[in-house]
Structures are given as C-alpha cells and as structure tokens.
Amino acid sequence: MKTAVIRRAHFNAAHRLNNPSWTEEKNRAVFGLCNLPNYHGHNYELEVRVAGEIDPETGMVVDLGWLADLIRDQIEIRFDHKNLNLDTEEFRNLNPTAENIAVVIWQILRAHLPAQLDLHVRLFETPRNFVEYPA
Ligand code: NI
C-alpha cells in the first residue's frame, strides 16, 4: 500500500543566471532576461512528495505537520526573500536555475527524512515552467 503525501510550500527569491566562464554575449544569449545584471525575483511554488508504506499504527505515511515544519525550517527560512546568488551558501558557486534549486532542495530534505521514504520535489518557477527531481 505504497502511498504518496504531498505538501505545497512557497517562497519568493531573487536570482541571476550567469556562467562566469562565458562572455557577456553568450550569457545573454543563453539565459535571456534571467541574466540581467541587477537580479530579479520569482514566486517559487514547491511541491514535496513523500511516498512510502502507510504505518498501520498511525495510518500515515509521514506526519504532514512534521513535514510542513521541516520544509519551513529547512527551505523557506533558508531561501524566502533572499537573493539566492548573494545571500545563500548553496548558490554562491552554483547557478540558481530551477533545476539546480530543485536538486538542492531535494538534498537538504533527503538528509532529514527516514531512509524508507521516497522523496520527489517539483519546483514551479512560474505557473507554466516547472522542474522535477528526480526525473
Ligand atoms: Ni529568473
């Protein structure tokens, strides 16, 4: 009876996509508006999916209150209203694309979840553009 529970969360953050080993022209061509030098914000919507067997004693896969607190403490407080490039250790040397942000969020949460639970992260950068990790 493997079942998934999903918690939605939200944070606002600024970023700039840039590859310092490229020319300004190539960065502009590849990253477009996300390369503008003075940063810009996104309203990130996060879906955290945890799957596993239903515990017969609790009737739950994972306590959603505990999961909500974990996401708040580990992700929202870390990234909300931050400039990802300048204000976070995680993206000081890692381009803060939606793909990389999703992988980082997965790595942070994975370290706090019991090993028998599967973890999947979906991150919306805009209502129409989102990424999933693992694929
Ligand atoms: Ni952007």
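Helix α4 covers residues 98-110, 13 residues in all; at 1.5 Å a residue it should span 18 Å, and its end C-alpha atoms are 18 Å apart, which agrees. The expected span is 1.5 Å times one less than the number of residues. Helices (H or I, at least four residues) and strands (E, at least two) are DSSP runs numbered from the N terminus. This is a predicted model: local features need pLDDT of at least 70, side-chain atom pairs count only at pLDDT 80 or more, and totals for chains, interfaces and linings use all residues. Residues are numbered from 1 along each chain as its sequence is written, and side-chain values use heavy atoms, without hydrogens and water.

Now look inward from α4. Its buried residues (under 20% relative accessible area, 1.4 Å probe, protein chains only) are A98, I101, A102, V104, I105, W106, I108 and L109. They pack against β1 (2-15), β2 (40-53), α2 (64-79), α3 (84-87), β4 (118-124) and β5 (130-133).

The largest nonpolar core has 31 residues. Such a core is a set of buried Ala, Val, Leu, Ile, Met, Phe, Trp, Tyr and Cys residues joined through side-chain atoms within 4.5 Å. β1, β2, α2, α4 and β4 each supply at least two residues of this core. Helix α4 gives the most, with eight. F11, L46, V50, I75, F79, I105 and L123 have the most contacts inside the core.

Take F79. Beyond its neighbours within four places in sequence, F79 is in contact (heavy atoms within 4.5 Å) with F11, N12, A13, L84, T88, E90, F91, V104, I105 and I108.

Technical notes
Buried < 20%, exposed > 50% of the residue type's maximum accessible area, 1.4 Å probe, protein only.
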